[in-house]
Amino acid sequence: MKYINIATSFVALAMLMSGCSDFLNKEPLSQGTEAIFFQNPDQFKQAANALYNMEGWKDYNGASALYKDKGTDLFGLSTNGGGSVGESDWHWDKPYGHIRTCNILLDKAKAYSGNQNDIAPSVGTAYFFRAWQHFYLLQYFGGIPIVDHTLDINDPVVKGARNSRYEVIDFIIKDLREAARLLPKEKDIADNDKGKISQEAAKAFLARVLLYEATWEKYVPSIDYNLDGDGSSIGAGTVKPEGYPSITEMLTESKQMAKDVINEAETGTFQLWNECDSLSYYYLFSIDEKGGNISNFKNAGKSMNKEFILSVKYDYDVKRGGINIGHAISSGQGYNMSAYFGEMFLCRNGLPIRISTTGNMTDAKNNPDFLGYKHFYNEFRNRDYRFIGSIYMPDRPSWRSSTAYGVQCTEAGHPYPDPVYPKPVYDPKDPAFSSKNAIYTPTVYGGTHNVYTGRKFLPEGAGRADNTESADYPLIRLAEVHLIYAEAAVELGNGTISDEDLNFSVNKNRARARVAPLTNALIANIWDAGYFDHKSGKTICKKMNMLDEIRRERACELFGEGFRENDLKRWGIAHINLTGQKLGRPIYGTAYMTATANDASHFGEPCYQPDKYPMTYGIYEGSGPNDPDYGRPIANLAENLLYSQRDYLAPIPKNQMRLNPQLVQNPGW
């Protein structure tokens, strides 16, 4: 919709579906059939099925979504911020197009003369997706025009002003409450309809929305930048509807909604996917067994996955992902992980890699579980399996569906290919030098040495390559609901949370990751001596606290799933974490200083040769060898990172402001 494109025809109102193809086979109705449609419950059901338009392996504009969360502190930052207002923006157009189809169904439901109970699930689906699209717009632009009915060219909304973010949130909350009232519980959805929106999905999404807005309203005022504006000359204003909930009320309802979903999960309706032992987190995101494909070493298929409360459904025969995931991730275009984030992952005893019991950096020491950097592989031992499952391990190969980068998995039972080791003396005839399963000594030859190479979402089987990958894409999963509950609880507790609430929520995620439970006793009088302070651009010693730990859990669990920038914004720290000098992985005092290369190109050469291969921005030496960051490469200069407070909201595109002069721009643009 080019701000609310009234010319859009009533095409694609429905798709005829059955079984798992409900969300895959779209058969649009002919133009102009709206008048004869919506005459019985089946037609409402078909129209509701057409509303499943969500970003999955592709975004709303049809491009790869593998870049979600890039440009944040969890990835190797390059540049950001400093942009200008664009002529157009699909982030605005596309959601409004989907909102229109929701409103068509809802308007027709009001006029339906039959039994309203018969069309309740379809109506609930429309309320859910109308809320989904409005929330998508709100996170991106802030306050936007609310569209709660089907518009024609003369409708006042077409040339109306923006609603405040508070009016939009109030609207979303009410839509989701109504969706939860109308939708069936997951356990009551027939097997051939599994994957459709459930009552629990509506409650989980409502919990997400409430937590987002409550923390935005709590923390964003502290950034000393008025993002609301006055609503007349700039921004969307500060109007709050009558009865608008307080921060405490939003957090309380968020916690309750999450609790309802978790309690339902305890009955067996949902559960964390734990079919592949310690690598369950890794394999969760690439389950795709159809056609004999081996997507994990236990050969566990999609029917075993009860963790995804809502997902975009794909199918090898009917609807494939279409973005060549195997190539993108194997070639480093997927989810690489910043040095800062890699070091955030805890050891299996539940504590950071560097700790202090006094708060003084001078007596800080390695966590007993952390083996340090003197050998290349030690830092990966005894660590959170979400870390291990998200990156390539330098001492073991990974299966790859793309044969350009590795060997395909053709037989279940082997989580990793057998490694191949070159001879200690260079021999060009040694087959190890041409093996894709060879283990070579890591080297640092220039660059910034800022990332751990990511492998999350990597497909492994021989039946998946060249755009054929068909794993489902998670939108709401049980692990996130655990995180929502814990964060709402710690916010309501002013930084405190009970061990009982921790066990009810995030400790379930930690158990799958093989990390010790988080308890109040565990972190009492412990300082994280490896805490990277983005404001100063240095590692500091910071006393551990529950709010930080819940936020750490969220970052570790949801890495690469599209949450990070919005999380940083609602916590009021995006303009801090996404600016300033950044540092890479340690070089001084590590095996890079003593080892020699054993690959064919550099056999026998030192693994670190600064004279021959200098680092892009040099090495940070700080105050000398006792500086906790001594010997790290400078990963990025502060002047490259331009993210500012205005970037918390994107600009309204120019073409929309020309079409509707009542739209006013966001602050700072």
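This talk describes the overall fold of one predicted chain and then several of its local features.

The model is predicted, and residues are numbered from 1 along each chain as its sequence is written. Local features need pLDDT of at least 70, side-chain atom pairs count only at pLDDT 80 or more, totals for chains, interfaces and linings use all residues, and side-chain values use heavy atoms, with hydrogens and water left out.

I begin with the chain as a whole. There are 18 helices and 13 strands; helices (H or I, at least four residues) and strands (E, at least two) are DSSP runs, numbered from the N terminus. Along the principal axes, the C-alpha atoms fill a box of roughly 80 × 55 × 50 Å. The radius of gyration is 26 Å, which agrees with the value near 26 Å for a compact globule of 669 residues. That radius is taken over C-alpha atoms, and the globule rule is 2.2 Å times the number of residues to the power 0.38.

Of the 669 residues, 58% are buried. Here buried means under 20% relative accessible area, exposed over 50%, and partly exposed in between, with a 1.4 Å probe and protein chains only. The accessible surface comes to about 25700 Å², and carbon and sulfur atoms account for 49% of that surface. These areas come from the Shrake-Rupley method with a 1.4 Å probe; for residues, only the protein chains shown count as cover. Among contacts between residues at least 6 apart in sequence, 73% join residues at least 24 apart, where contact means heavy atoms within 4.5 Å.

Next, the annotated regions. UniProt, in an unreviewed entry, places a "SusD-like N-terminal" domain at residues 91-211. That span is 60% helix and 0% strand, and its end C-alpha atoms lie 23 Å apart. The unreviewed entry also carries a "RagB/SusD" domain annotation, covering residues 320-669. Over residues 320-669 the chain is 21% helix and 11% strand, with end C-alpha atoms 39 Å apart. UniProt positions are in the numbering used here, feature names are shortened, and annotations may be inferred rather than shown by experiment.

I turn now to helix α3, residues 120-141. From first C-alpha to last, its 22 residues reach 31 Å, close to the 32 Å expected at 1.5 Å a residue; the expected span is 1.5 Å times one less than the number of residues. How much of α3 is covered? Of its 22 residues, 20 are buried. Gly142 follows the helix, with a positive phi near 85 degrees.

The largest nonpolar core has 142 residues, and Phe128, Trp132 and Phe341 touch the most other members. Helix α3 supplies the largest share of this core, 13 residues. Apart from it lies another core of 19 residues, including Ile497, Met544, Met546 and Leu558. A nonpolar core is a set of buried Ala, Val, Leu, Ile, Met, Phe, Trp, Tyr and Cys residues joined through side-chain atoms within 4.5 Å. Leaving aside neighbours within four places in sequence, Phe341 is in contact with Asp73, Leu74, Ala555, Cys556 and Phe559.

Leu522 lies in α14, residues 520-523, and is partly exposed, with a relative accessible area of 21%. Which residues does Leu522 touch, not counting those up to four places away in sequence? They are Asn349, Gly350, Leu351, Arg510 and Pro517. Leu351 is 171 residues from Leu522 along the chain, yet their C-alpha atoms are separated by 8.0 Å.

Most residues other than glycine have a negative phi. Arg514, in the loop between α13 (506-512) and α14, has a positive phi near 60 degrees. Arg514 is partly exposed at 28% relative accessible area. Asn525, in the loop between α14 and β8 (527-533), also has a positive phi, of about 60 degrees.

Finally, I consider two buried loop residues. Is Arg464 buried or exposed? Arg464, in the loop between β6 (451-452) and β7 (473-477), is buried, with a relative accessible area of 1%. Beyond four places in sequence, its contacts include Asp288, Glu289, Tyr316 and Glu469.

Gly446 lies in the loop between α10 (385-388) and β6 and is buried, at 17% relative accessible area. Gly618 is 172 residues from Gly446 in sequence and 9.3 Å away in space, C-alpha to C-alpha.
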